[in-house]
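Hi everyone, thanks for making time this morning. I'd like to walk you through one protein model, so please have the viewer open.

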Amino acid sequence: MLSPKKNGVIIYNPFYFELSESVCQPKGLWYNTDMKKELDFIRIDGTYYGGDQNWHTHKMMKLGGCSAVCACETCIWLAKRFGEYRALYPFDIADVCKKDFLRFFEIMFQYLHPGIGGLTSIDKFERMLGKYIMTTGTKMGMQKVYGRESYETAKKFFISSIDNGIPVMFLMLKHADPAFDEYEWHWFNLTGYEITVEGRLNAIFATWGSRHVFDFQRAWETGRYWKGGMVAFVRPEYA
């Protein structure tokens, strides 16, 4: 769950793209795709794509705060996007700044905190986050998909959530592919998808204050016994 920074700088890894230049799209779009949908995800201080546990000075929050950061991001997004969920974020929703995010992170960490070995259960994550939701008086359910489920099941869950305007809270545990080492034992939000002209599903996600992309099928099919899963809020009209 500790972020892979070098000298305080996140190193961008192009390994997950593997696309020829002919497929690239200019002017800030990632790919020339048949289908793409990306949430207008939260920008902290107008710059950062989501939050970063390393902003905090507390040792345990830096080390094991990814689950709380992930939950904070989703709550802020929902509060900003849907008026009925405004109570999920107790600070200024019109101007999400790092100072307020860290205060919210501290609140959420009281509910979502790792035990020995981290917060590796999506069931426990759901229960802990649910306790925070109850304190806000918000009525909203959650759905989940376990890491042992098939790729097709995971794909349907992921795309459906994004199509309904809901980010997906994703837990990756162990992965056989060393290209995913930096994302092992880590929670982060999936914020969009794109299906390339070759038919590959890429997942857009937020972690450590930056926007990342990887091949969703490769990420899901870990080749390891220890698997994570996905959790997403579900609005009553989609339940």
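A word on the ground rules. This is a predicted model, so local features need pLDDT of at least 70 and side-chain atom pairs count only at pLDDT 80 or more, while totals for chains, interfaces and linings use all residues. Residues are numbered from 1 along each chain as its sequence is written, and side-chain values use heavy atoms, with hydrogens and water left out.

The protein chain has six helices and eleven strands; these are DSSP runs numbered from the N terminus, with at least four residues (H or I) for a helix and at least two (E) for a strand. Of its 239 residues, 54% count as buried, where buried means under 20% relative accessible area, exposed over 50%, and partly exposed in between, with a 1.4 Å probe and protein chains only. Among contacts (heavy atoms within 4.5 Å) with a separation of 6 or more, 66% join residues 24 or more positions apart.

Now the rings. How many aromatic pairs does the structure hold? There are 28 aromatic pairs. Rings of Phe, Tyr and Trp (its six-membered ring) pair if their centres lie within 6.5 Å; planes under 30 degrees apart are stacked, over 60 edge-to-face, and the rest tilted. Phe-41 is buried at 3% relative accessible area, and Tyr-49 is buried at 3%.

Phe-158 and Tyr-193 make an edge-to-face pair, with 6.1 Å between centres and 75 degrees between planes. Phe-158 sits in helix H5 (residues 151–163) and Tyr-193 in strand E8 (residues 186–196), so this pair ties together parts that are 35 residues apart in sequence. Phe-158 is buried at 0% relative accessibility, and Tyr-193 is buried at 3%. Both belong to one aromatic cluster, whose members include Tyr-151, Phe-170, Trp-208 and Trp-220.

Charges sit over rings here too, meaning NZ of Lys or CZ of Arg is within 6 Å of the ring centre and within 35 degrees of the ring normal. Lys-98 lies over the face of Trp-55, 4.7 Å from the ring centre, and the charged end of Arg-148 is over the ring of Tyr-146, 4.5 Å from its centre.

On to helix H4, residues 122–136. Its end C-alpha atoms are 21 Å apart, which agrees with the 21 Å that its 15 residues should span; the expected span is 1.5 Å times one less than the number of residues. Its buried residues, including Phe-125, Leu-129 and Ile-133, pack against several elements, among them helix H2 (66–81), helix H3 (98–109) and strand E11 (229–234). Just after H4, Gly-137 takes a positive phi of about 75 degrees.

Finally, the two single residues. Is Trp-185 buried or partly exposed? Trp-185, in the loop between E7 and E8, counts as partly exposed at 25% relative accessibility. Its C-alpha atom is 5.6 Å from that of Met-172, 13 residues away along the chain. Asp-215 lies in strand E10 (residues 210–215) and is buried, with a relative accessible area of 8%.
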